[in-house]
Amino acid sequence: MPRRAREVFSPPGRLDGTPAVDPAGRRPPWTRIERVNEDRPLTRLDMLRFARRVVEHQAARQLALMDRWIADEERREAARQHRPAARRTAQEWAIERGLNGRSAVYVHVGGCTGAGGRAKGVGREQAVRALTEGGVQPCPLCRPDTTLGILE
């Protein structure tokens, strides 16, 4: 009995392509192909129509996937275009902080290439105050003291 159970649950075919056959010589039920219209054999035209429906279905799924990808990319592109508009405009003046984050090192004209990531935008009055009263050095590249009209 256990031997027969193993044969019943064996794979549907052999590696050489011959169909699996049970000990009584019959084909197991999983290897039998059932059709709805058993009154006539399948013609080449029936098989071609079936193949067309399969391709149609696959194409519809692929088109839906492509549409989803396009919509995602359009959303990302809209976000990319919105980001620069949402950013604040660059300040006219910037004060660059030292490595400790507290002490001011340089005063820059807004947009100076010498201003690093530690520069914070400030107003004109604060920049003038930092140069005159705070003892902060002007940037040697953009020379904000000249632009502000401060003479030493």
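This is a predicted model: local features need pLDDT of at least 70, side-chain atom pairs count only at pLDDT 80 or more; totals for chains, interfaces and linings use all residues.
How many residues apart in helix H2 are arginine 80 and glutamate 77? They are three residues apart, which means about one helical turn separates them. Residues are numbered from 1 along each chain as its sequence is written, and side-chain values use heavy atoms, with hydrogens and water left out.

**View 1. Arginine 80 and glutamate 77 form a salt bridge.** Their closest N and O atoms are 2.7 Å apart; a salt bridge here is a side-chain nitrogen of Lys or Arg within 4 Å of a carboxyl oxygen of Asp or Glu. Both partners are partly exposed, arginine 80 with a relative accessible area of 37% and glutamate 77 at 34%. For these labels, buried means under 20% relative accessible area, exposed over 50%, and partly exposed in between (1.4 Å probe, protein chains only). Salt bridges with shared partners link Glu73, Arg76, Glu77 and Arg80 into one network.

**View 2. Glutamate 73 meets arginine 76 in a salt bridge.** The N to O distance is 3.0 Å. Both residues belong to helix H2 and sit three residues apart, about one turn of the helix. Helices (H or I, at least four residues) and strands (E, at least two) are DSSP runs, numbered from the N terminus. Glutamate 73 is partly exposed at 36%, and arginine 76 is partly exposed at 43%.

**View 3. Arginine 75 pairs with aspartate 72 in a salt bridge.** Here the closest N and O atoms are 3.0 Å apart. About one helical turn separates the two, because they are three residues apart in helix H2 (residues 44-86). Arginine 75 is exposed, at 55% relative accessibility, whereas aspartate 72 is partly exposed, at 26%. Across the whole structure, a search finds seven salt bridges.

**View 4. Histidine 108 is buried in the model.** With 1% relative accessibility, histidine 108 lies in strand S2 (residues 104-109). Its side chain joins that of glutamate 96 through a polar contact of 2.7 Å. A polar contact is a pair of N or O atoms within 3.5 Å; within protein, one must be able to donate a hydrogen and the other to accept it, and residues adjacent in sequence count only if both atoms are side-chain atoms. Leaving out residues up to four places away in sequence, histidine 108 touches several others, including Trp93, Gly114, Cys139, Cys142 and Pro144; contact means heavy atoms within 4.5 Å.
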